[in-house]
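Visitor: I'd like to learn how to read helix packing and aromatic pairs in a model. Could you walk me through it?

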Amino acid sequence: MVAALCLVAFQVSALTFGPPSWPLPARSAPPLVRVVTPAPLPDGGSEFTVASSATLQRLYERAAYDLDTVRAGETDVPRLYLAALPADFGELEDVGARKEAFLRTVLPLILRANDEIAIVRTRVSALLEKIRDDEPLRRADARWLASIARQYGVIDTEDKDPQAALSGAAGRTLLARVDTVPVPLALAQAIVESGWGRSRFALEGSAIYGQWTWDKAQGIAPSGAPDAAHAVRAFDSLTDSVRGYMHNLNTHPAYRAFRAARAKGASARTLAGTLTRYSERGAVYGEELVEIIAQNDLESFRDARLGATNIERGGAWDDLESVPQS
C-alpha cells in the first residue's frame, strides 16, 4: 500500500509516512440521492450513489458524458458527483470499461475541488494585494483571511496581528499554498493509490489517495496488519477524499518542492517527480506517475472544466426514477 504523507489538524507537523486526518466534518452521511435500477440520474450538482457499476455506466452514457470529446475540448464535464463507488466496481471484467468509469467518476470531483480552491485563492490574492498597498481590511475580510491562513498552516492561533503577519513572506507562502492541483497529476495519483478504484479502502471508505490516520476510529485497518499504529483514513464521500489529498499537497512541508515547482508553472509530469516523499518508494513512485500520465493520455484532461450549468432533468431521464433518501 502506498503510504502518503499528510498534515495533522491543518498544522505543520513532524514528518511521518502516511497522512494524518486533517479535520473534516464528522462521518455522518450528507443527504444523498439514491440511484437504483432502472437508473435515475440525480439533479446535476448533487452527490449521488448507485446500486451497481452497470447502473453507473448507464448514467454516464445517458448524460452524454464522453471522455473523447472532453479530451478534445469539444464538451465540458457534467457536474456528476458520485459519493461512493458501487460495491461491485472492482468486479468489472472489462478492464477498459472499468478504467473509463473510474476516470469519468474522479474527473468531475477533481475539477470541483480545484474550483473551490480557485475561488478561495482569488479572494486571498485580492486581500493580500490590499495589505501590500497598506489598505485597511474590513473586519470580516480580516477574520476570513486569518482563518484561511491558519487552515493552511501559515500562521498559528496565537498570532495577535494576522494582517501584519501576512504582509511579508507569510502572505507569499499562503498564496503558494492556496492553489489548484494539475488535473493529470490528481488523476494519476488516484489511479495509483486506489488501483483504478479496486482497493478495499476505496470501496469501503471512499479513500482514493491512500491517506493515513492515527485515529483508528476514523479509518480502515490495513489487511494483514491489525495491530498497525495507523489506519487508512475513511471519508464520507469521494469528494472529501479529493479535498483531503489536495490539502495535503498544499500544506505538508514534505511537498515544498512540489509547491515551488507549481508556482513556476511546471507540468504535471515534472511535478510528479517532486513527490518522492509521498511514497516510501521514493523516486520510483514519481516515475510510475509519469508513466501512468503518458499511458493513459491524462495530459489531455489538463484544460477540462465543469459544465457551466447543471444537467436538466427530463428528456433522457424520463425512463429513470430517483429515490431521495429520507
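Predicted model: local features only at pLDDT ≥ 70, side-chain atom pairs only at ≥ 80, totals over all residues.

Visitor: How do H1 and H3 cross?

Guide: For helices in general, residues three or four places apart point the same way, because an α-helix has 3.6 residues a turn. Here the axes of H1 (residues 53–62) and H3 (residues 95–132) come within 11 Å and cross at roughly 65°, and the crossing is left-handed. On the H1 side you'll find Leu56, Gln57, Tyr60 and Glu61, which meet Ala97, Ala101, Arg104 and Thr105 of H3. That contact is made up of four nonpolar, two polar and two charged residues.

Visitor: Is H7 mostly covered or mostly exposed?

Guide: Mostly covered: twelve of its twelve residues are buried. Those buried residues pack against H3, H8, H9, H10, H11 and H12. Just past the end of H7, Gly195 has a positive phi of about 60°.

Visitor: And the rings: how many aromatic pairs are there?

Guide: Six. A pair of aromatic rings is described by the distance of the centres and the angle of the planes. Take Phe102 and Trp196: their centres are 6.0 Å apart and their planes sit at 70°, so this pair is edge-to-face. Phe102 belongs to H3 and Trp196 to the loop between H7 and H8, 94 residues apart. Both are buried.

Visitor: What about Tyr245 and Tyr278?

Guide: Edge-to-face too, because the ring centres are 6.5 Å apart and the planes are at 75°.

Methods:
Residues numbered from 1 in each chain as written. Heavy atoms only, no water. Axes fitted to C-alpha atoms, helices over the stretch in contact; angles between N-to-C directions. Helix = DSSP H or I, 4+ residues; strand = E, 2+ residues; numbered from the N terminus. Left-handed = near helix turned anticlockwise from the far one by under 90°. Contact = heavy atoms within 4.5 Å. Nonpolar A, V, L, I, M, F, W, Y, C, P; charged D, E, K, R; others polar. Buried < 20%, exposed > 50% of the residue type's maximum accessible area, 1.4 Å probe, protein only. Phe/Tyr/Trp six-rings, centres within 6.5 Å; stacked < 30°, edge-to-face > 60°.
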